[in-house]
Amino acid sequence: RSLAEECRRTYLRTQNWERDKLSNYEKNKNRNLFKFKAYRKAADLIKTHPTPIKSGKQAKEMNGIGDKIAKKIDEILTTGSLKKLCEVKQDDEANSINELTKISGVGPALAKKLVSTFEDLELRIPRAEMLQLEELVLSEAKKIDPDLIATACGSFRRGASSSGDIDFLLTHQTFTEETRAREAKSKDKKKGNHLDQLITRLKNCGFITDVISHGQLKFMGICKLDSSQHHRRIDFQLIPFEQYYCGLIHFTGSDLFNIYLRGEAHKQGFILNEYSLRPLGSTGVPGEPLPVTSEEDVFDYLGIEYKGPTERSH
Ligand code: DCP
Ligand code: MG
Ligand code: MN
């Protein structure tokens, strides 16, 4: 491609970007699809018009350009700029929303929510509120099935006086790795697994306010205890029963404790991760996962004195 062609393309790209500014602003920040379409249509009409537009009045003769846009065209033609466009460019909130919508899976509604709750999500959660959050989730889990196992992990489980978010792990004696694999293949997802059922309940009671992502085994979202409280980040993971206690150790942390414990495992000829504890063969190839039905089991295999969650903060 010639340099001239590159310049032309770059010019068109920036022109398009400017052209989309007002329409994207209406779409993403104000959720006003009517204005979004109106601006986009007007911009297209002017761009494809065979001769340059000389006045708002002339533009108004075209189908799709009304009074308000005609006025803006006059403003641009007489002053060389547009006040509203300058304001939009300086609107940090609108710019943040626009940037977030570039992430796949993040639409304008979620982007707007994330920006409006950003200050909330920066705040730490006092332990007293964590205890209430835990109680609410556990009571909903119990209503689905009294045998559903749910544990609030992370810094909360280590006894921290405040936490950055809520990390919940879920399992059931009947939810094995085999069940998980079968469910992943099955097309019948109508009823939903225990994770789906719990999320549905927590949405229905108004606790979960937003979804960031929701997969077969992992949910990430935003919750709120009641109107007097802040929005909080909450994660759920559904874990096959055989892997639950290795998962519990992993998601209880701290991250530094995990590094320490994995290092110890290595020294003893094992490999420990968030799913399993496996012996390493003489060639360094991991064997089958060892049966683990409690956190203590892991420490026992390693010949290390058991450390409770509150002793794992560093
Ligand atoms: N974890 C880990 N390594 C990472 C990230 C996480 O081992 N890089 C594990 C240990 C953490 C747990 O997952 O304790 C939960 O992750 P969080 O980021 O939620 O960390 P905490 O709950 O410990 O702290 P916070 O209070 O900030 O949420
Ligand atoms: Mg956490
Ligand atoms: Mn977390």
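Select ligand 1 together with helices α10 (154–157), α13 (244–252) and α14 (255–267), each of which supplies at least two residues of the shell around that ligand; helices here are DSSP runs of H or I with at least four residues, numbered from the N terminus. The model is a predicted one, in which local features need pLDDT of at least 70 and side-chain atom pairs count only at pLDDT 80 or more, while totals for chains, interfaces and linings use all residues. Residues are numbered from 1 along each chain as its sequence is written, and chains are lettered from A and ligands numbered from 1 in the order in which they are written.

Stay with the ligand and display the 13 residues around it, of which Gly 154, Ser 155, Gly 164, Gly 253 and Asp 255 come nearest; a residue counts as near if its C-beta atom, placed from the backbone, lies within 6 Å of the molecule. By class, this shell divides into two nonpolar, eight polar and three charged residues, where Ala, Val, Leu, Ile, Met, Phe, Trp, Tyr, Cys and Pro count as nonpolar, Asp, Glu, Lys and Arg as charged, and the others, Gly among them, as polar.

Next, select Gly 253 and Ser 254, whose connecting peptide bond is cis, with omega near 0°; Ser 254 is found in the loop between α13 and α14. Just after α14, Gly 269 takes a positive phi of about 85°.

Most residues other than glycine have a negative phi, and most peptide bonds are trans.

Then select α9 (residues 127–144) and α12 (residues 194–204), whose axes come within 10 Å and cross at roughly 120°. The contact is made by Val 137, Glu 140, Ala 141, Lys 143 and Ile 144 of α9 and by His 194, Gln 197, Leu 198, Arg 201 and Leu 202 of α12, two residues being in contact if their C-beta atoms, placed from the backbone, lie within 7 Å. Five nonpolar, two polar and three charged residues make up this contact.

Finish at α6 (residues 92–100) and α7 (residues 108–116), whose axes come within 9 Å and cross at roughly 130°; on the α6 side, the contacting residues are Glu 93, Ser 96, Ile 97 and Leu 100.

Note on methods
Axes fitted to C-alpha atoms, helices over the stretch in contact; angles between N-to-C directions.
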